[in-house]
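The exercises below ask you to read a structure step by step, and each one is followed by a worked solution.

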Amino acid sequence: MVFRISESLASRNLLFVEKFPGSDKYFTPGKHFVEFSTPNDLAEKLVYFSKNLQEAEMILSLGHERMSEIILNSIFWRELIWVSVRKFWAYESKISCNSK
């Protein structure tokens with residue numbers, strides 16, 4: 001999970017994210033955040049949500065609730081720890097190779 005996404009949702013913000021592979025692993029576009037594909041698409045969605053504040057509020061609330069569920073879920077923490085361990089191993093491997 002990209003940390004700017006989790007930070008935005010945990011902070012109860014309406015999140016606009018450019019479409020990327022895996023963006024729907026934990027969240028549903030249009031339900032938990034707003035996904036866009038081009039700058040024009042983003043501009044249109046910004047205008048739309050500035051005029052539809054109740055829908056914007058619903059999406060940011062559902063995104064915040066989903067982020068809270070994920071934080072409380074042990075799977076999230078296991079994945080976070082695993083990513084950290086892999087980065088540490090890669091770093092240790094580089095140091096070992098450079099010191100020889």
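Two residues are in contact when heavy atoms of theirs lie within 4.5 Å. The model is a predicted one, in which local features need pLDDT of at least 70 and side-chain atom pairs count only at pLDDT 80 or more, while totals for chains, interfaces and linings use all residues. Residues are numbered from 1 along each chain as its sequence is written, and side-chain values use heavy atoms, with hydrogens and water left out.

**Exercise 1. The chain as a whole**

Task: State how many helices and strands the protein chain has, and in which order they run.

Solution: Begin with the assignment, in which helices (H or I, at least four residues) and strands (E, at least two) are DSSP runs, numbered from the N terminus. Counted in this way, the protein chain has 4 helices and 2 strands, and from the N terminus on their order is α-β-β-α-α-α. Next, consider burial, where buried means under 20% relative accessible area, exposed over 50%, and partly exposed in between (1.4 Å probe, protein chains only); of the 100 residues in the protein chain, 24% are buried. The chain exposes about 7200 Å², with 59% of this supplied by carbon and sulfur atoms, the areas coming from the Shrake-Rupley method with a 1.4 Å probe, and for residues only the protein chains shown count as cover. Finally, among contacts in the protein chain with a separation of 6 or more, 52% join residues 24 or more positions apart.

**Exercise 2. The surroundings of Leu-42**

Task: Determine which residues Leu-42 is in contact with, leaving aside its neighbours within four places in sequence.

Solution: First place the residue: Leu-42 belongs to helix H2, which covers residues 39-51. Once neighbours within four places in sequence are left aside, Leu-42 is in contact with Phe-16 and Phe-36. With a relative accessible area of 23%, Leu-42 is partly exposed.

**Exercise 3. How H2 meets H3**

Task: Describe how the axes of H2 and H3 are placed and which residues meet.

Solution: Two packed helices are described by the angle between their axes and the distance between the axes. Axes here are lines fitted to C-alpha atoms, for helices over the stretch in contact, and angles run from 0 to 180 degrees between N-to-C directions. The axes of H2 and H3 cross at roughly 105° and come within 5 Å. Angles under 35 degrees count as roughly parallel, over 145 as roughly antiparallel, 65 to 115 as roughly perpendicular and the rest as oblique, and H2 and H3 are therefore roughly perpendicular to each other. As for the residues, Tyr-48, Phe-49, Ser-50 and Lys-51 in H2 meet Leu-53, Glu-55, Ala-56 and Ile-59 in H3.

**Exercise 4. Salt bridges**

Task: State how many salt bridges the structure holds, and place each of them in the chain.

Solution: A salt bridge is a side-chain nitrogen of Lys or Arg within 4 Å of a carboxyl oxygen of Asp or Glu, and the structure holds 3 salt bridges.

- The side chains of Glu-57 and Arg-12 meet at 2.4 Å, N to O. This pair links distant parts of the chain, 45 residues apart, with Glu-57 in helix H3 and Arg-12 in the loop between helix H1 (3-10) and strand S1 (16-18). Glu-57 is partly exposed at 37% relative accessible area, and Arg-12 is partly exposed at 37%.
- The side chains of Asp-41 and Lys-45 form a salt bridge at 3.4 Å, N to O. The two residues are 4 residues apart in helix H2, so about one helical turn separates them. Asp-41 is buried, at 17%, whereas Lys-45 is partly exposed, at 24%.
- Arg-66 and Glu-69 form a salt bridge in which the closest N and O atoms are 3.2 Å apart. They are 3 residues apart in helix H3, so about one helical turn separates them.

**Exercise 5. The backbone at Arg-12**

Task: Find the phi of Arg-12.

Solution: Most residues other than glycine have a negative phi. The phi of Arg-12, however, is near 65°, a positive value in a residue other than glycine.
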